[in-house]
Amino acid sequence: MKKLFILITCLYFAISSCDTLAKAGNKEEKTINTKCFVTLYGGEQTILYQIIKEKNFNSLATKLTNSSTMTTLSKSKKKVYKVFECVKTSDNFQNKFALAIEKATPK
């Protein structure tokens, strides 16, 4: 009877620790570096660089529109008027204006 109790206790702790490890592995969310070609209020066009969770990439353009953010060439926050395109930093823009501005924008 004592051996059975020890066996059940060991199995319980083994299953509990495996479940805890599985949950901890799922909580790590991958982050990605992105860049967005935007127009700010006032007409200035620039590239914004963001580090976001991968699951939020599809809604990034909506999130940035009408939000205030720091740009690479400004010491104060500027408000985003329109987002034209967002891509991962490793990818290239489709928009020719975005490619030209990206070459001139410090990273």
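Modeller: I shall begin with the aromatic rings: a search of the whole structure finds two aromatic pairs. One of them joins Tyr41 and Tyr81. Please bear in mind that this is a predicted model, in which local features need pLDDT of at least 70, side-chain atom pairs count only at pLDDT 80 or more, and totals for chains, interfaces and linings use all residues. Residues are numbered from 1 along each chain as its sequence is written, and side-chain values use heavy atoms, with hydrogens and water left out.

Colleague: Why is the pair of Tyr41 and Tyr81 called edge-to-face?

Modeller: Rings of Phe, Tyr and Trp (its six-membered ring) pair if their centres lie within 6.5 Å; planes under 30 degrees apart count as stacked, over 60 as edge-to-face and the rest as tilted. For Tyr41 and Tyr81 the centres are 5.2 Å apart and the planes stand at 75 degrees, hence the label edge-to-face. Tyr41 lies in the loop between strand S1 (31–40) and strand S2 (45–53) and Tyr81 in strand S4 (residues 77–88), so this pair ties together parts that are 40 residues apart in sequence.

Colleague: What makes Tyr41 partly exposed?

Modeller: Buried means under 20% relative accessible area, exposed over 50%, and partly exposed in between (1.4 Å probe, protein chains only). Tyr41 has 45% relative accessibility and therefore counts as partly exposed. By the same rule Tyr81, at 47%, is partly exposed. In the chain of 107 residues, 27% are buried.

Colleague: How do you know what counts as a helix or a strand?

Modeller: Helices (H or I, at least four residues) and strands (E, at least two) are DSSP runs, numbered from the N terminus. The chain has three helices and four strands, and from the N terminus on their order is α-β-β-α-β-β-α.

Colleague: How do you know that S1 and S2 are paired?

Modeller: Two strands pair if DSSP finds at least two bridges between them. Nine bridges join S1 to S2, and the two strands run antiparallel. Lys35 stands opposite Tyr49 in S2. The hairpin of S1 and S2 has four residues between the strands, and Gly42 takes a positive phi near 105 degrees there.

Colleague: Which residues make up the largest nonpolar core?

Modeller: A nonpolar core is a set of buried Ala, Val, Leu, Ile, Met, Phe, Trp, Tyr and Cys residues joined through side-chain atoms within 4.5 Å. The largest has eleven residues: Ile32, Cys36, Val38, Leu40, Leu48, Ile52, Leu60, Leu64, Val80, Val83 and Cys86. The largest share, four residues, comes from S1. Apart from this core lies another, of six residues, among them Ile47, Val87, Phe93 and Ile101.

Colleague: What makes Glu102 and Lys35 a salt bridge?

Modeller: A salt bridge is a side-chain nitrogen of Lys or Arg within 4 Å of a carboxyl oxygen of Asp or Glu. The closest N and O atoms of Glu102 and Lys35 are 2.6 Å apart, which meets the criterion. Glu102 lies in helix H3 (residues 96–104) and Lys35 in strand S1, so the pair ties together parts that are 67 residues apart in sequence. Both Glu102 and Lys35 are buried.

Colleague: How many salt bridges does the structure hold?

Modeller: The structure holds four. Another of them joins Lys55 and Glu29, with the closest N and O atoms 3.7 Å apart. Lys55, at 59% relative accessibility, counts as exposed, whereas Glu29, at 39%, is partly exposed.
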